[in-house]
Amino acid sequence: MAYLSAIQETNAGTATVLQYVCPVGILAYTCIKDKVAPTITEIISMILAIGGTFLIATHGQMDQLSMTPAGLFWGLFSALTYALYIILPIKLIQKWGSILVIGVGMTISGFVAVPFTGLIGASIPLSFDIFLAFAGIILIGTVFAYTAFLKGASMIGPVKSSLLASIEPISAVFFAFMIMGDIFYLVDFLGMAMILLAVTIISLKDLMLEKKHKSI
């Protein structure tokens, strides 16, 4: 919900990039939980992510936002919820598998959300276009995407999977520009590049540590 709200308030590319502040949040959470000080590389990643978010949100102008406050809130809130989505179900997935966990989780969340969505009593036109849109969101964008991501993470590990998933913001910006006609400025691309670089640095560092442990 937070991610789709961020798209509504900004655009698909900006919302996706803001969501990818998530690995930095996980890094900060891990440092606090384990009571370990971040390394120089991790500090640089955090600075890059915060700086990139600042550029996207303000275009470098301290006295104004380049997007609505609601857009910035939902974008960063989606990063928080994405981090929770990765952290919370780890033990459940290890025990029961990704498909069962996602199925039960989405069923419960769907029932809980019904009273707040306005679905009851809503008049939804049953056209072919709307049917295709819902099918895209439910089947491709939700069921297949999340199941495939978690299945891939279980096969190649969270580090490599998160590194591969960093392609998503690039594709989101590309398709938002090509299909939706959204306009991006040079400062937007600079901010996006900073966030993606931060994610890549964290992922590559973890990948190197993973290889080092395996060699030992």
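The model is a predicted one, in which local features need pLDDT of at least 70 and side-chain atom pairs count only at pLDDT 80 or more, while totals for chains, interfaces and linings use all residues. Residues are numbered from 1 along each chain as its sequence is written, and side-chain values use heavy atoms, with hydrogens and water left out.

Serine 45 counts as buried because its relative accessibility is 0%, where buried means under 20% relative accessible area, exposed over 50% and partly exposed in between (1.4 Å probe, protein chains only). Leaving aside residues up to four places away in sequence, serine 45 touches Val24, Ala198, Ile201 and Ile202; a contact means heavy atoms within 4.5 Å.

Stepping back to the whole protein, there are 11 helices and zero strands. Of the 216 residues, 31% are buried. Among contacts between residues at least 6 apart in sequence, 74% join residues at least 24 apart. The accessible surface comes to about 13800 Å², and carbon and sulfur atoms account for 75% of that; such areas come from the Shrake-Rupley method with a 1.4 Å probe, and for residues only the protein chains shown count as cover.

The interior can be described through its nonpolar cores, each a set of buried Ala, Val, Leu, Ile, Met, Phe, Trp, Tyr and Cys residues joined through side-chain atoms within 4.5 Å. The largest of them has 18 residues, and Val17, Ile56 and Met192 have the most contacts inside it. At least two residues of this core come from each of α2 (12-19), α4 (40-58), α5 (69-87), α10 (167-178) and α11 (186-215). The largest share, four residues, is supplied by α5. Isoleucine 56 touches, among others, Thr14, Val17, Asp188, Met192 and Ile195, not counting residues up to four places away in sequence. A second, separate core of 10 residues includes Val24, Leu48, Met194 and Ile202.

Helix α10 has 12 residues and reaches 17 Å from its first C-alpha to its last, close to the expected 16 Å, which is 1.5 Å times one less than its number of residues. Its buried residues are Pro169, Ala172, Val173 and Ala176. They lie on the same side of α10 because they cover an arc of only 95° around the axis, taken from the directions from the helix axis to the C-beta atoms. On the face of α10 turned away from this buried side are the exposed residues Ile167, Ile170 and Met178.
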